[in-house]
Amino acid sequence: QGVLKDVIVPPKVKSSWDEIDPSIKAGWVDPLIIDACSVKMFPEKVVETIDPDFPQLLHCHPLFGPQSTKDGLEGKTVIVTKKQGEKAEAILDFWQNERGLDIVEMTAEEHDREMAKIQAVTFVLGRLANQAGLGQLKDSALATFSSSIAGELALLDAAHSEALLETIVAFNPFVKTEILKLEQSL
């Protein structure tokens, strides 16, 4: 939230805006704020709290990371939950037409509800598989097809940062329900 306040508030809505040299104000161009977080409801609420009318804004979630773009971006998916302004439209056009990305639009709530299952449950299962030591058993002579898949989940956990796991689990309001479903299944 602090970084967003630095970008959005000064000089756009800062109280001293009236005291700034008019030549500076005349040249001010609103930046495009791109939120590419793995959760959407929380960052949208943060931006809305700071400046609900900020004119250049893109809330999106690329469903890929650096490790999955070795062969390029074409065909990869970016979820867009909110877009405002010409700059947001221009970058989405560029991503789609020049980079070959698939742009999928939905609400922040739809995104977080789906990602609680698709992303958070997968990451939690990966954490459990990793803590159970299944990553080390992946190449065992006794490994089965199913244990190899569990080993892949363990490797997924090892490949991601603690901060990413925390963001995906702690900042999505629908994850708690999915974790409770897992516990009940056990």
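## Helices, salt bridges and a pocket in a predicted model

In helix α3, the residues Pro43, Glu44, Val46, Val47 and Ile50 are buried. Viewed along the axis of α3, these buried residues fall within an arc of 160 degrees, so they line one face of the helix. Lys45 and Thr49 are exposed on the other side of α3. The structure described here is a predicted model, and every value in this report is computed from it.

Lys45 also takes part in a contact between charged side chains. Lys45 forms a salt bridge with Glu48, and the closest N and O atoms of this pair are 3.8 Å apart. A salt bridge is counted here because a side-chain nitrogen of Lys or Arg lies within 4 Å of a carboxyl oxygen of Asp or Glu. Why do Lys45 and Glu48 stand about one helical turn apart? Both belong to helix α3 (residues 41–50) and they are 3 residues apart, which means a separation of about one helical turn. An α-helix has 3.6 residues a turn, so residues three or four places apart point the same way. Lys45 is exposed, with a relative accessible area of 51%, while Glu48 is partly exposed at 40%. These two classes follow because exposed means over 50% relative accessible area, and partly exposed lies between that value and 20%.

The structure holds 8 salt bridges in total. Three of them are set out below.

| Salt bridge | N to O distance |
|---|---|
| Lys45 and Glu48 | 3.8 Å |
| Lys83 and Glu89 | 3.4 Å |
| Arg127 and Asp157 | 2.9 Å |

The side chains of Lys83 and Glu89 belong to a network of salt bridges that also includes Glu105. Lys83 is partly exposed, with a relative accessible area of 29%. Glu89 is likewise partly exposed, at 34%.

The salt bridge between Arg127 and Asp157 has its closest N and O atoms 2.9 Å apart. This pair links distant parts of the chain, for Arg127 lies in helix α5 (residues 108–131) and Asp157 in helix α7 (residues 145–159), 30 residues apart. Are these two residues buried or exposed? Both Arg127 and Asp157 are buried.

Helix α7 may now be considered as a whole. Its 15 residues, at 1.5 Å a residue, should span 21 Å, and the end C-alpha atoms are 21 Å apart, which agrees. The buried residues of α7 include Asp157, together with Ala150, Gly151 and Ala154. Seen down the axis of α7, its buried residues fall within an arc of 105 degrees, so they line one face of the helix. Phe145 and Ala159 are exposed on the other side of α7. For Ala159 the relative accessibility is 62%, and Ala159 therefore counts as exposed. Ala159 and Gln67 are 92 residues apart in sequence, yet their C-alpha atoms are 9.3 Å apart in space.

Which residues lie nearest the centre of the largest pocket? Of the 16 lining residues, Phe64, Gly65, Gln67, Gln119 and His160 lie nearest the centre. Strand β2 (57–62) and the helices α5 and α7 each supply at least two residues of the lining. By class, the lining of the largest pocket has 9 nonpolar residues, 7 polar residues and no charged residues.

Definitions and conventions: Residues are numbered from 1 along each chain as its sequence is written. This is a predicted model: local features need pLDDT of at least 70, side-chain atom pairs count only at pLDDT 80 or more; totals for chains, interfaces and linings use all residues. Side-chain values use heavy atoms; hydrogens and water are left out. Helices (H or I, at least four residues) and strands (E, at least two) are DSSP runs, numbered from the N terminus. Buried means under 20% relative accessible area, exposed over 50%, partly exposed in between (1.4 Å probe, protein chains only). The arc is that of the directions from the helix axis to the C-beta atoms. On a 1 Å grid over the protein atoms alone, a cavity is a set of points where a 1.4 Å probe fits but cannot get out, and a pocket is an open set with protein on both sides within 12 Å along at least five of seven lines; lining residues have an atom within 4 Å of a point. Ala, Val, Leu, Ile, Met, Phe, Trp, Tyr, Cys and Pro count as nonpolar, Asp, Glu, Lys and Arg as charged, and the others, Gly among them, as polar. The expected span of a helix is 1.5 Å times one less than its number of residues.
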